[in-house]
2 protein chains.
Amino acid sequence: MPTSKAAKGPDMPALASPQPGKGGRKLSNFLCFAVYSANLAFGRAYKPILDQLGLTYTQYIVIVALSEEDDQTVGALGEKMFLESNTLTPILKKLESVGYITRRRDPADERQVRVSLTPAGRTLLDGDPVAPMIAATGLGDDFPVVQKSVTRLRDNLLRSTQPEPEKS
Amino acid sequence: MPTSKAAKGPDMPALASPQPGKGGRKLSNFLCFAVYSANLAFGRAYKPILDQLGLTYTQYIVIVALSEEDDQTVGALGEKMFLESNTLTPILKKLESVGYITRRRDPADERQVRVSLTPAGRTLLDGDPVAPMIAATGLGDDFPVVQKSVTRLRDNLLRSTQPEPEKS
DNA sequence: TCTATATAAATCGCATCCGATTAAATCGCA
DNA sequence: TGCGATTTAATCGGATGCGATTTATATAGA
């Protein structure tokens, strides 16, 4: 009886902003709060592991994103991570200063900066340091289901925010 | 076939930190990244609505938490929100300065600060300003299922981090 | 009573996020 | 060719999160 079968009975289903009727408007009924607090929880759960590597949670995610492909531009990396250069640039400079990545202007287009993992950066991931986190989620077989649901939620939210893909 | 039935076939299930075998270690397979990016997406989706109220995403969540009960201490509010006074105090001072909450030392224990919504703060919630967000999630009947799954995930992660509830 | 300890909030410094702006390079097009 | 528009990072300021410390108050034990 884990995550399957939407209930949707006549009795107070949990909504994005729960109940119009005052009573159900509790923090615990907000999906946004569930995601907000789950994100905090992930950061705290990762902390003991990442502290040993001298990395923050966000820095670790950047390194994973960089492991997929060499010589990504800041913009391309930002598209993967849903961030922009105002957030990424300071993080990338920090990771460069500790030797995990390289940053260089693209000679063919000096506007762009290309980022790659160094061997030291790649070595960080070899041990799969966050493998113990799988058990900590406690989701068991529901793991892939939740992963897909949250991803779908994210994509729907982003789509609702942006205007149109293109129009001309 | 929305969120039900965990696949768990022999072919690359999505894991917390995906595949030991290098190939599946993609950002898109990380549950932590799904939650991380969904949280960013929520903040962006709420922004147009909350901008009109002059509130940030976190400030709005604080107000919802305060609407449940008057005269909460900073510590009690922090337990609900999984935050501590180092984060809450500046936010509460800001909300006080714009007239949405009151802060006062408890006369019976001057160490504690008690926080309540003002009528203006309570009025903010009357229109249920984030109601349009329900549709933006695009989850339909899966909404309550996802809400519960993410909450369970959060609680499992927090439990795995903390030592024991008590011991003496 | 008097003091050591404990507790609650606040403060401080660092690392994100993000809107707005700036600087540099490239592109479009007459 | 030349210049304005566009694109890409970077910069700047405000608002979180959070570990570590500080301040003020309350409690406990000799």
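Student: What does the secondary structure of chain A come to?
Tutor: In this predicted model, chain A has seven helices and three strands.

Student: And in what order do the elements run?
Tutor: Starting at the N terminus, the order in chain A is α-α-β-α-α-β-β-α-α-α.

Student: How many residues of chain A count as buried?
Tutor: Chain A has 168 residues, and 48% of them count as buried. Its accessible surface is about 8600 Å², with 54% belonging to carbon and sulfur atoms.

Student: Which atoms lie 2.9 Å or 2.6 Å from a phosphate oxygen?
Tutor: The side chain of Thr89(A) places an N or O atom 2.6 Å from a phosphate oxygen of DNA strand D. From chain B, Gln59(B) has a polar side-chain atom 2.9 Å from a phosphate oxygen of DNA strand D.

Student: Which elements give two or more residues to that surface?
Tutor: Chain A provides α1 (31–53), α3 (74–81), α4 (85–97), β2 (101–106) and β3 (109–117), while chain B provides α2 (57–67), α4 (85–97) and β3 (109–117).

Student: How many residues there are nonpolar, polar and charged?
Tutor: The surface near DNA strand D has six nonpolar, 11 polar and 10 charged residues.

Key. Residues numbered from 1 in each chain as written. Chains lettered and ligands numbered in written order. Predicted model: local features only at pLDDT ≥ 70, side-chain atom pairs only at ≥ 80, totals over all residues. Heavy atoms only, no water. Polar contact = N/O pair within 3.5 Å; in protein donor to acceptor, adjacent residues only side chain to side chain. Helix = DSSP H or I, 4+ residues; strand = E, 2+ residues; numbered from the N terminus. Nonpolar A, V, L, I, M, F, W, Y, C, P; charged D, E, K, R; others polar. Buried < 20%, exposed > 50% of the residue type's maximum accessible area, 1.4 Å probe, protein only. Areas by Shrake-Rupley, 256 points an atom, 1.4 Å probe, with all protein chains shown as cover.
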